[in-house]
Amino acid sequence: MKQFEFPNTKRIRSQQDFDTIYSARQRAGDQCLLLFAVRNELNQTRLGVSVSRKNGNAVKRARKKRLIREAFRLVQHQLPRGLDLIAIPRPTVEGDLKQYQSSLKRLSQKINHRLEHKQSG
């Protein structure tokens, strides 16, 4: 089941990468997630997760991170290729795995469409 792997090469960890994605100012959000994105030169989509203290104590924040990473792992083959994503969970919603999966799919498609339109125009 190679399509469901989540190796380190698909994770965004460096502050420089986070800064690059934030500075591109391409974002979309819904009730569960705020998603920032930028094109990368790779043939794969990578994910970074940022959970602020507004989301609760360390245990609650770690749970949200795990859920978002797991949602990405399960739907990564359905997401547009060649994007670097940062997912930020909304502090007011306790999302579950299904909500995060649908949010990742919908928001990444939305941003990808916006980036394609921007690139061609």
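Modeller: Happy to; here is a look at helix 2 and then at one of the strands it packs against. This is a predicted model, in which local features need pLDDT of at least 70 and side-chain atom pairs count only at pLDDT 80 or more, while totals for chains, interfaces and linings use all residues. Residues are numbered from 1 along each chain as its sequence is written, and side-chain values use heavy atoms, with hydrogens and water left out.

Helices (H or I, at least four residues) and strands (E, at least two) are DSSP runs, numbered from the N terminus. Helix 2 covers residues 58-75, 18 residues in total. From first C-alpha to last, helix 2 reaches 26 Å, close to the 26 Å expected at 1.5 Å a residue (1.5 Å times one less than its number of residues).

Buried here means under 20% relative accessible area, with a 1.4 Å probe and protein chains only. In helix 2, the buried residues are Arg 61, Lys 64, Leu 67, Ile 68, Ala 71, Phe 72 and Val 75. They sit on the same side of helix 2 because they cover an arc of only 135° around the axis, taken from the directions from the helix axis to the C-beta atoms.

The buried residues of helix 2 pack against strand 2 (33-39), strand 3 (46-49), strand 4 (83-89) and helix 3 (97-120); contact means heavy atoms within 4.5 Å.

Let's follow strand 2. Six of its seven residues are buried, so strand 2 is largely enclosed by the rest of the structure. Strand 2 and strand 4 pair antiparallel over seven bridges (pairing needs at least two DSSP bridges), and Leu 33 has Pro 89 in strand 4 as its bridge partner.

Methods: Buried means under 20% relative accessible area, exposed over 50%, partly exposed in between (1.4 Å probe, protein chains only).
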